[in-house]
Structure formats: structure tokens, C-alpha cells
Amino acid sequence: MLPERFLNDLKLKVDIENIISPYVNLKMRGSSLVGLCPFHSEKTPSFTVFPDTQSYYCFGCGAGGDAITFVRQIENLEYIEAVKFLAEKVGLTVPDEGGRREERIDRERIYEMNRTAARFFHEQLKRSGVALQYLEKRQLAVKTVKRFGLGYAPDSWDSLLKELRAKGYRDEEIRNAGLCVRNKNGHFYDYFRGRLMVPILDVRGRVVAFGGRVLDDSQPKYLNSPDTPVFKKSNTLFNLNNAKSQSVGRLILAEGYMDVISMSQWGFTEAVATLGTAITDAQARMLTRYSAGGEVVIAYDSDEAGQKATNKAITLLEAAGAKVRVLRLPDGKDPDEFLKKHGPERFKLVLAGSGNQIEYKLANAKARHDVESPDGKVSYLKDVVGILAATSNAIARDVYAGRAAQELGVSKESILQEVARARRAYEKRRRAEGVKAQSQRIFAVRDRINPQKAEAIKAARAEEGILCILFFSPEYLDYIEQHISEADFVTEFNRRIYHTIVEIIREGGVPDMALFGEEYSPEEMGAVAGILAKRELFVGAEEQRHAVDDFIAAIRDEKYALQPKEAGTYASEEIDSYLKNLSAKKKRNG
């Protein structure tokens, strides 16, 4: 683990408000700050920053933690990378001997292997006639090939393996980097063979993975690196390292890296792409964040698969708070084809005229119906009503209802009446879903972090109360340990938090979320932050002492509760303990 002294120095120098405020518009509310959560879509602020504890917690989605956790979540970084990110901001150096040194060394070696592999593939490209012919056919310029570091993986079993072995890398670590595979007989061979290679970089410009395209009709057409310690497909966008620095106020989301490379060659360097998978929540948040409050233009193909992917992207990007537009190219061409035929100026005009998500949905709905027939007109109007009912902007509902009315020769008022009726039903369903989701969080029906909570709600809440009080008032430790032990905790997750807090106190430290981070995932840190957010329930010393007694009693009640059919299986001393506990409970209750 990182030294406690370093973590304390980092905490003293880092102000969580300054870290979060570039991403969230925070406003004072009492002694806390609130804003709209950057991790889920909401209209009423539930994201809360607590300056006194240098922590945050979203009462809507459960995200929470300290400054390190926030950077991990918002920038999609590993723990040590987030620490370095913050340390650089405040002029601290992360100790070399701290943390999981071997793990960090492994990650650095993967970065080095990827750089070596990228150089190897690029050199091989010069010797591959078939790959050079493909690039010429795609009309990719030499400077484009160099800018993106394109390469070629020879169609052999171990070309890259030999290169990496010669550099001193072991077969197992090459496999860990996703650059080779081991068969059932234990033999290693190259993961990429006979493919045009595209290096995939993270936002810091490090090679984290590769994409490979076949040059014939074999399958799969595209092959991406598997997930590794430095690469997760769901958290990565191709070319974001370049696109994020553009000043055009938008990002273009394309289907694949070849589309992105082509658009970049024509001057549209703000293009990015997912990596062979449908867009994820994390990628939608990244697009929203790096578009700097601008627009995200979806430039997927117009076929059925492309439309399905577009609809999903619209949903996720809207939820992330992005301004979404959809590019509709004439004749169903993809960006690469259109640019080659019509050039960048025409593409720029079409891009500027791309419709928003409502226009896209209405256009698709109209294409599905014969609006010249009465039945088709009615069916289309039903779709219009559904689309507008799900639109929160009242002005947009009015404008598009007017357009539909004029287009179909019906009254705008009748459309708006139907929209209002459908919207009431829509809002009712949404509120019901919100209440259900909140209830599940409160009662832990689907608590992935502490699933045992659902089986013992009362005891689990008592455990959380003990943890909250002990975190802020370590002087209660001796008193608590006189009555319960770590083993008495019913839920394993709360027992783990208790162990962490007790260890910190016993070693003479003061409980602090910064001391949790390396051993807890961001989701687990959110659960810890949620527990600590209940601090206001125990503000006075008298309230705390009574609460501690009640919590201890609740935990012991659950621990020593005897079911009649099981009583015969208990040892006599356990039964004595149960009876003593029951007697003490009766005395407390008068």
C-alpha cells in the first residue's frame, strides 16, 4: 500500500471541491455543495460534496468516495494512475516503494511491449505488398499512415513473439498483454496474424491495445485486443487522445476506426469510435465530458444494424447529458464513401445540418409508414405522440407537434392533447421506476456490494451506524469492542469496513477515506461514502452513545437469535450467551 504519510500529505494539498468543480457545477447548500451527478442522468441535484470529510456521495445512483475515487471514475483510471494524476496537480511525487509495486511494474512492461509491437507492425507494413495495396485502395495518404502508426501483422505464427522474446519478454507476460495466445498443448502463438494493424491509444497517448483488419474475406473481419490490465474495450474510444484537444465544440461518433482515420485525413479530426462493441455508459460519459459541453454527432451506417446502434447511442448519450445530433448522409453512404465522392466542404454542410435526436426518430418513424393512406397516417401519428411524450423539453414538443400537424393536415392542438395524455402516463411510469430503484437501494433488494444486507436489514443498518460513528468518533472503539467483535458483524462487507477502520485506529491513525482507496473498488467506495453520509443522524454525544447501544443490541440480537428448530444444534455456552442477551434486552425495554 502507499505510505499513510504520503496519502495524508496528498489529502491536505488536494481540495475535493477544486477537483470536482471542473466537471460539476456545484452550489452551496448548508455546509455541503450539491450539483447534478456526472455519473447518471438527473434533473434534481442529488450529487453532494462534503468539504469537511473531503468526500462526495450521490443520493441518486450511489456513486461516492474521496478525490481519488472521483478521478478514477470520471477519468476511467486505475487507482495508482488516479493518485499520480492528483499528485501531479499539487506537486507531489508518488513514492516508488509504495503500493502494489509489482502490479505497476507489470503495467509499465505492458505499455513497453505495446510500443515495441506498434513499431514492429509499422516496420512490417513497409514489406507487405498486400497491406500497402489495401491502403492505396482506401486512398490513405502516407502522412495519415504515419500519424496513426498503422502497421501489418505478418501471416505467420510467431513473428511478433520472436521479436518480443528477443527484447527479453516472457511468453506469459506477452500473453497477459493480449499479444499472444496459448493453445491447449501449451504452445504460444501470435494473437494477430495477416492483418492491417491499428494501434489504440488512451487519452494520455499510450498504446494500450490494437485493432486488426483482415485484407481478404476471412472472418472475423475485425479483431481487437482482449481486455488486459491496461485496456478495457468498454472504457476506451479510438482517437479520443487526438479528438479531445480539438476546439470545434463537438465530437463525431463513427462505427469503426477506419471511418475515423478517413475522416481525420479529410480534416475532421474530432471523430472517435467504439471498438467493435455497442456504446457503453462509460463511453457515453466520456463523449459528453470531452465534447466540452458541445455536441456529439452520431455518424453510424444507415442500415438496420446501424439504426439500432444509433437508437442505443441516443439513449445513453441523452442520459449522460450530451447534446445529440444524428448525421444522415444521402444515398445511405458511410462517411468514407461520401467524403471521397463529394469532398470535405459538402460533408461539412451535411454535418452542420444534421438533425437532433427527435428529428432522427421522427424521420425513421415516417419511413416505416405509408402516410398517404389513412391507416398509415394514424400509425405514424401514434409514433409521433410516443416520441414527443418522452421529450422533456416543452418547447421542442410544441415545435415538432406543429411540424407534424402541418405535414399531415391535422390540428396541432389534437396532437398536443394526445402528447399530454401520453406524457402523464410516461411520467407516472418513470416515477414508479425511480421509486422502485430508490427502494432497492434503501432496502438492498439488489445490493451488489453488500448482498447479505437484504437478508438482515435491521442488523445491517445497525452495522452501518456503528461504522459511521466509529469513523467520526474513534474514541468509541474500546466501548464497542467490550460488547461486540468483528466476528459479530452479519454482513461480510460491513465486517471488512469495520476491520479497516479498526486497523487504522489501532495503528494510531485517524480514519480517512483516502486510506481505503487502494483496497476498495470505486463501487465499494461509493457504498462506504453512503454509510458516512448518515453522519448528520448522530450529531450529539448523547445521541451517539444511545445510538451505539441500540446498534450493538441489534447486531447481537441478529447474531444470537435462535430459531426453535435449530436450538438443539447450539452448544450450551452459546445458549447461555443468547439468554443473557435476551435478558439485557428486556431490561433495556423496561
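**The whole chain**

Please begin with the entire chain in view, bearing in mind that the model is predicted. The chain has 590 residues, of which 48% are buried. Its secondary structure comprises 24 helices and 16 strands. Among contacts between residues at least 6 apart in sequence, 62% join residues at least 24 apart.

**Helices H15 and H17**

Next, select residues 357-367, which form helix H15, together with residues 394-408, which form helix H17. Two packed helices are described by the angle between their axes and the distance between the axes. Here the axes come within 12 Å and cross at roughly 30 degrees. Since angles under 35 degrees count as roughly parallel, H15 is therefore roughly parallel to H17. The crossing of H15 past H17 is right-handed.

Now display the side chains where the two helices meet. From H15, select Ile358, Glu359, Leu362 and Lys366; from H17, select Ala396, Tyr400, Arg403 and Glu407.

**Aromatic pairs**

The tour now turns to the aromatic rings. A pair of aromatic rings is described by the distance of the centres and the angle of the planes. The count for this model comes to 21 aromatic pairs.

Select Trp157 and Tyr189, an edge-to-face pair with 5.4 Å from centre to centre and 85 degrees between the planes. The two residues lie 32 residues apart, and their pair links distant parts of the chain. Trp157 is located in the loop between strand S6 (151-153) and helix H8 (159-166), whereas Tyr189 belongs to strand S8 (residues 188-190). Are these residues buried or exposed? Trp157 has a relative accessibility of 57% and so counts as exposed. Tyr189, at 21%, counts as partly exposed.

**A cluster of rings**

For the last stop, select Tyr23, Phe39, Phe47, Tyr56 and Phe70 together. What joins these residues into a cluster? Ring pairs provide the links between them.

Terms used
Residues are numbered from 1 along each chain as its sequence is written. This is a predicted model: local features need pLDDT of at least 70, side-chain atom pairs count only at pLDDT 80 or more; totals for chains, interfaces and linings use all residues. Side-chain values use heavy atoms; hydrogens and water are left out. Axes are lines fitted to C-alpha atoms, for helices over the stretch in contact, and angles run from 0 to 180 degrees between N-to-C directions. Helices (H or I, at least four residues) and strands (E, at least two) are DSSP runs, numbered from the N terminus. Angles under 35 degrees count as roughly parallel, over 145 as roughly antiparallel, 65 to 115 as roughly perpendicular and the rest as oblique. A crossing is left-handed if the near helix is turned anticlockwise from the far one by less than a right angle, and right-handed if clockwise. Contact means heavy atoms within 4.5 Å. Rings of Phe, Tyr and Trp (its six-membered ring) pair if their centres lie within 6.5 Å; planes under 30 degrees apart count as stacked, over 60 as edge-to-face and the rest as tilted. Buried means under 20% relative accessible area, exposed over 50%, partly exposed in between (1.4 Å probe, protein chains only).
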